[in-house]
Amino acid sequence: MLLVASALAGMAVPAVAQDKFDIGYDIYFSGNSWSVQLAKEFEAEAEKQKDKVDVAYTESELKADKQVSNIEDMITKGVDAIILTPISPTAVIPVLKKAEAKGIKIVLLASSIKSDDYDALVTVDDVDFGKAGAEWLAEKLDGKGKIIALNGISGISASDDRWTGAKEVFDAHPDIEVISVVDAGWDYAKAKVAVSNLLAANPDIDGVWSQGGSMTLGAIDAFEAAQRPLVPMTGEDNNGYLKRWAALQADGFESVAPSKPTWLGSEALLVAIDLLEGKTVEKNKIYDVPMISADNLGEFKRDDLSDSFWANTRLSDEQVRATFQD
C-alpha cells in the first residue's frame, strides 16, 4: 500500500470536472407570442449550453406575488443564478436582496427594477423605443395633428419607459394633441375595442402611436371596420403585422417598426454563464433599438412563417415552426 501511494504521489492527478451551474429561469408570461418566443429563445440557448447548465423553470403568469414566490423557491433550491423579467419594478426587490445575500447572481431580462439589486440587465433602451416611433410619427404629421397612443401594461417598465420616451417627443411638438392614452395590454382584441370606441367619439384622428404590433393590427382593423381612411401608425416586428403592413403599402399605408428582439432571452443566459464563470460583465447591457422601415421591410417579413413569429431572433426556422404551429 505504501509503495502504491508513493507511486501515485509522483503522478499528475486529473482535475475534478466542474459541476454544472444551476440556473433558475422564471417565465413571466405566456399570454402573447412575443413572451412565448422570448422564453423559447432562452430554452434553445439552454439546450446549446446543456453541458454547462441545468435549468429549473417556473412561470409567474404576470402575477407579481407569484413571481416573488417563485424566486423564493429558487433561493431555497440553492440555484447559482436567477434570470427573470420583473413584472413589478418594486415587488421583487426584497426577495432579490435575499438572493444576493446568498451569493446568487441576478440577471434581469427585458425589464428593469427600481434598485441596483441585480448583477446584469439585458434589454434594449425602451425609452429610445418609444422615442423612435414618436419621432417618425411627428415627422409624418409635419408636427401637427390629433393622435392616440396605445400602451402595453402599466407598471411594467418596458411599457412605462416606452411611453416616457414617446411623450417627451410629443411634448416637444405643441401642435400635436394626444387625445387619448390607452393601456391595451399589447393585445389585439383590447386595442381593437379601444380604437373603435375612440373612432366613434372623435371625428379626427390623424395618427396612432402604438408600442406593440398586435395592438397596431387591432387599430388597423378598427379603422377599416369604421370605414375610416388609414393614418400613419407605428408598429413592431411581429410577422403578422409586417405582412399586413406590406399588403397595405399599395394603398398608401405608412408605418415604422421599432423592435425589442426576442433573442434577448438567449443573451440573458449567456450573460449569466459569464457571471458564474467569473468574467467581467457590463451591469447594464442595453442594446440599440433595431428599426424596420419601408426601405428594409422586405428583409424582415417572412411569408413562409407564422404570423406569431417575431423577426429579430436567434431561433432557426424549424424552431420557429415548432413554436408557432399555424
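Author: Here is a short tour, from the overall build down to single side chains. Keep in mind that this is a predicted model.

Reader: Okay, how many helices and strands are in the protein chain?

Author: The protein chain has 12 helices and 12 strands. Its C-alpha atoms fill a box of roughly 95 × 40 × 30 Å, taken along the principal axes.

Reader: And how much of the protein chain counts as buried?

Author: Of its 326 residues, 51% count as buried. As for the accessible surface, that comes to about 14800 Å², and 50% of it belongs to carbon and sulfur atoms.

Reader: What share of the contacts comes from residues 24 or more positions apart?

Author: Counting contacts with a separation of 6 or more, 70% are between residues 24 or more positions apart.

Reader: Let's go inside. Which residues have the most contacts in the largest nonpolar core?

Author: Those are Ile23, Tyr25, Ile83, Val107 and Leu109, in a core of 34 residues. Among the elements that give two or more residues to this core are strand 1, helix 2 (33-48), strand 3 (81-84) and helix 10 (264-276). Helix 10 gives the most, with eight residues.

Reader: Pick one for me. What does isoleucine 83 touch?

Author: Leaving out residues up to four places away in sequence, isoleucine 83 touches Ile23, Gly24, Tyr25, Asp26, Phe42, Val107, Leu109, Ala268, Leu269 and Ala272. There is also another core that lies apart from the largest one, with 31 residues, including Met233, Leu248, Phe253 and Ala311.

Reader: Switching to rings now. How many aromatic pairs are there?

Author: The count is eight aromatic pairs. In one of them, tyrosine 25 and tyrosine 57 sit edge-to-face, 6.0 Å centre to centre with 85 degrees between the planes. That pair links distant parts of the chain: tyrosine 25 is in strand 1 (residues 21-27) and tyrosine 57 is in strand 2 (residues 53-59), 32 residues apart.

Reader: Is tyrosine 25 buried or exposed?

Author: Tyrosine 25 is buried, with a relative accessible area of 2%. Tyrosine 57 has 36% relative accessibility, so it counts as partly exposed. Ring pairs also bring in Phe42, linking Tyr25, Phe42 and Tyr57 into a cluster.

Reader: What about tyrosine 241 and tryptophan 245, why is that pair tilted?

Author: Their planes are at 35 degrees, so the pair is tilted, and the ring centres are 6.1 Å apart. Tyrosine 241 and tryptophan 245 are separated by about one helical turn because they are four residues apart in helix 9. Tyrosine 241 and tryptophan 245 are both buried.

Reader: How exposed is glutamate 168?

Author: Glutamate 168 counts as partly exposed, at 46% relative accessibility.

Reader: How far apart are the closest N and O atoms of lysine 243 and aspartate 307?

Author: They are 2.9 Å apart, and the two residues form a salt bridge. Lysine 243 is in helix 9 (residues 239-248), while aspartate 307 is in the loop between helix 11 (297-300) and helix 12 (317-323), 64 residues apart. Aspartate 307 is partly exposed, with a relative accessible area of 41%.

Reader: Which residues do shared partners join into one network?

Author: Salt bridges that share partners join Lys52, Asp274, Glu277 and Lys279.

Reader: Last one: what does the charged end of arginine 162 sit over?

Author: The ring of phenylalanine 129, at 3.7 Å from its centre. Arginine 162 lies in helix 6 and counts as buried, at 3% relative accessibility. Beyond residues up to four places away in sequence, arginine 162 touches several others, including Asp126, Trp186, Trp209 and Glu236. In another charge-and-ring case, lysine 283 lies over the face of tyrosine 118, at 4.1 Å from the ring centre.

Conventions: Residues are numbered from 1 along each chain as its sequence is written. This is a predicted model: local features need pLDDT of at least 70, side-chain atom pairs count only at pLDDT 80 or more; totals for chains, interfaces and linings use all residues. Side-chain values use heavy atoms; hydrogens and water are left out. Buried means under 20% relative accessible area, exposed over 50%, partly exposed in between (1.4 Å probe, protein chains only). A salt bridge is a side-chain nitrogen of Lys or Arg within 4 Å of a carboxyl oxygen of Asp or Glu. Rings of Phe, Tyr and Trp (its six-membered ring) pair if their centres lie within 6.5 Å; planes under 30 degrees apart count as stacked, over 60 as edge-to-face and the rest as tilted. A charge sits over a ring if NZ of Lys or CZ of Arg is within 6 Å of the ring centre and within 35 degrees of the ring normal. Contact means heavy atoms within 4.5 Å. A nonpolar core is a set of buried Ala, Val, Leu, Ile, Met, Phe, Trp, Tyr and Cys residues joined through side-chain atoms within 4.5 Å. Accessible areas come from the Shrake-Rupley method with a 1.4 Å probe; for residues, only the protein chains shown count as cover.
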